[in-house]
Amino acid sequence: MSRQRRHTAGTSHIVRQGDRRSMEMYGAVPRPRFLLLLLLLLAAVFWVCLLYFRLSALISGVAVAPMERMVSFAAGYESRGDDGDKDPCRGRRVYIHELPPRFNADILSGCGRTDGRWPNMCEQVSNAGLGKPLPEPNLEGKGEGAGGWYATQQFALDAIFHGRMLRYGCLTNDSSDAAAVFVPFYAGFDFARHHWGYDNATRDAASLDLERWLVRRPEWRRAGGRDHFLVAGRTAWDFRRHTCPSPTWGTNLLFLPAAKNMTVLVVESSTAPSHGNDMAVPYPTYFHPRADADVLHWQQRIKSTRRPWLMSFVGAPRPGDPRSIRSQIIAQCGASSACRQLGCANGATQCHTPGDIMRLFQSSTFCLQPPGDSYTRRSAFDAMVAGCVPVFFHPASAYLQYRWHLPGDHARYSVFIPEDAVRVGNVSIEDTLRRIPGAAVRRMQEEVITLVPRLVYADPRYSLDTVKDAFDVAVEGVLEKVAESMRKVETTDHRRSSWLDKIWSE
């Protein structure tokens, strides 16, 4: 092959015609043509890959779309399955302290000694804390206890929550791997057995005993109890004796140094900003589903039921409480042909008959929920489970409570009438409710029915598949609260460490 000449006087290269023909003869390709072919090849590969991924996404979307629609069909029903190869329990593991039986089992076994202070306690905490199966067959039409209905005592949450916790899907025996630690102390039951006829030292004995036991545990020392939580199934005021008007009412559990670090679940929180460790969860109702189908069936039933009463009230007057508006509510309800009430005064038993209560709530559009002995009422949850829109008269009856379980937009599921207006007689409850447009009423009813799964505690002896009940929502809230608390501690420790490093460096 002829050699190529290079002229140093210019910037170009001269290739003789014979040399070019020789290069083409032996298969060599000039540089410009080679680059062009390479670019065409890369472009072809790019378009093939793009077409492949677009087709894959389209096929995947066709397969997944029907399942997504099915899962979102009913609010409150969520998938509990694995998320691919991810750990479904990551950040959700809970360790349960094995407390000595004197803190729980022995309290239940001694239920017979509470007669006169808590009549029929043994019967009311039977069946895993649910109480006696309801005898009214027309609640579900299938006999006693059909569909999960029980005469549950409003302060029985200690045992019910413990039972649900034992079936929690992300338990661990390794406390170092736990996101939170559960303390199964029956604080509410302890209140009942020592409240009447005992001195304050006896009332506080079990709480102080628990504190001594906890602070010696390595699980406690890891975070000073900030990752611990327990259930005290009464109002927070029952465990804050120092703030009660009566110097002998309740225990001082929530004032103990150890308890101030823990998260304590109560049926009514104190709402005071300085008492940030107690969180409100729903009262137990009469409904404890055993399967998802129980919940769905009940939702369908209350959605289609006929409601002849505009409003209803279940409760007794409070003549000795000048702040109470119950007398005014009873008077307004009695004067209205659109209102029905169950009287509870003078030994009447209707207020304590679950069948009568639930039938009235199922036949009412609005259920009046004024404060009673405290701001909150178990009746509000019974009413919502029956599909009845609650009418509140004080913000602390719901709006300042239950932030894990009830919507922040209170108008979505309830009506608010200021109690001061009722007290001075400036407002007609019936007229106020009649002025609400029918479309708005239907939207509130639909929202209440949607909330039902979040307001009931499933039977602790069974497991739900996709429904998230009040227990599930509460545990998620606890885990988020504990994680936030631990992040704050880590941030504080980091700042303190940085400050010390700066001091030493100077």
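**Close-up 1. Surroundings of Arg318 in the predicted model.** Arg318 touches Ser324, Arg326, Gly372 and Asp373, not counting residues up to four places away in sequence, where contact means heavy atoms within 4.5 Å. Arg318 is found in the loop between β6 (309-315) and α10 (326-334); helices (H or I, at least four residues) and strands (E, at least two) are DSSP runs, numbered from the N terminus. Although Arg318 and Gly372 are 54 residues apart in sequence, their C-alpha atoms are 7.6 Å apart in space. With a relative accessible area of 23%, Arg318 is partly exposed, given that buried means under 20% relative accessible area, exposed over 50% and partly exposed in between (1.4 Å probe, protein chains only). Because this is a predicted model, local features need pLDDT of at least 70 and side-chain atom pairs count only at pLDDT 80 or more, whereas totals for chains, interfaces and linings use all residues. Residues are numbered from 1 along each chain as its sequence is written, and side-chain values use heavy atoms, with hydrogens and water left out.

**Close-up 2. Thr235 in a loop between two strands.** Thr235 is found in the loop between β3 (228-231) and β4 (263-266), and at 7% relative accessibility it counts as buried. Leaving aside neighbours within four places in sequence, Thr235 is in contact with Val266, Val267, Glu268, Tyr283 and Ser374.

**Close-up 3. Helix α12 against helix α15.** The axes of α12 (residues 378-385) and α15 (residues 438-455) come within 8 Å and cross at roughly 125°, the axes being lines fitted to C-alpha atoms, for helices over the stretch in contact, with angles running from 0 to 180 degrees between N-to-C directions. On the α12 side, Phe381, Met384 and Val385 meet Val448, Val452 and Leu455 of α15. The residues of this contact divide into 6 nonpolar, no polar and no charged.

Close-up 4. A salt bridge is a side-chain nitrogen of Lys or Arg within 4 Å of a carboxyl oxygen of Asp or Glu, and the structure holds 21 of them. In α12, the side chains of Arg378 and Asp382 meet in such a bridge (2.7 Å, N to O), the two residues lying 4 residues apart, about one turn of the helix. Arg378 is buried, with a relative accessible area of 8%, and Asp382 is also buried, with a value of 2%. Arg434 forms a salt bridge with Glu430, the closest N and O atoms being 3.0 Å apart; these residues are 4 residues apart in helix α14 (residues 429-434). Here Arg434 counts as exposed at 51% relative accessibility, whereas Glu430 is buried at 18%.

**Close-up 5. Arg222 paired with Asp227.** The side chains of Arg222 and Asp227 meet in a salt bridge (2.6 Å, N to O). Arg222 counts as partly exposed at 38% relative accessibility, while Asp227 counts as buried at 2%.

**Close-up 6. Met165 in the largest nonpolar core.** Of the 68 residues in this core, Phe161, Met165 and Phe366 touch the most other members, a nonpolar core being a set of buried Ala, Val, Leu, Ile, Met, Phe, Trp, Tyr and Cys residues joined through side-chain atoms within 4.5 Å. Helix α16 (residues 470-505) gives the most to the core, with 8 residues. Residues up to four places away in sequence aside, Met165 touches Val94, Ile96, Leu171, Phe182, Phe229, Phe471 and Val475.

Conventions. Nonpolar A, V, L, I, M, F, W, Y, C, P; charged D, E, K, R; others polar.
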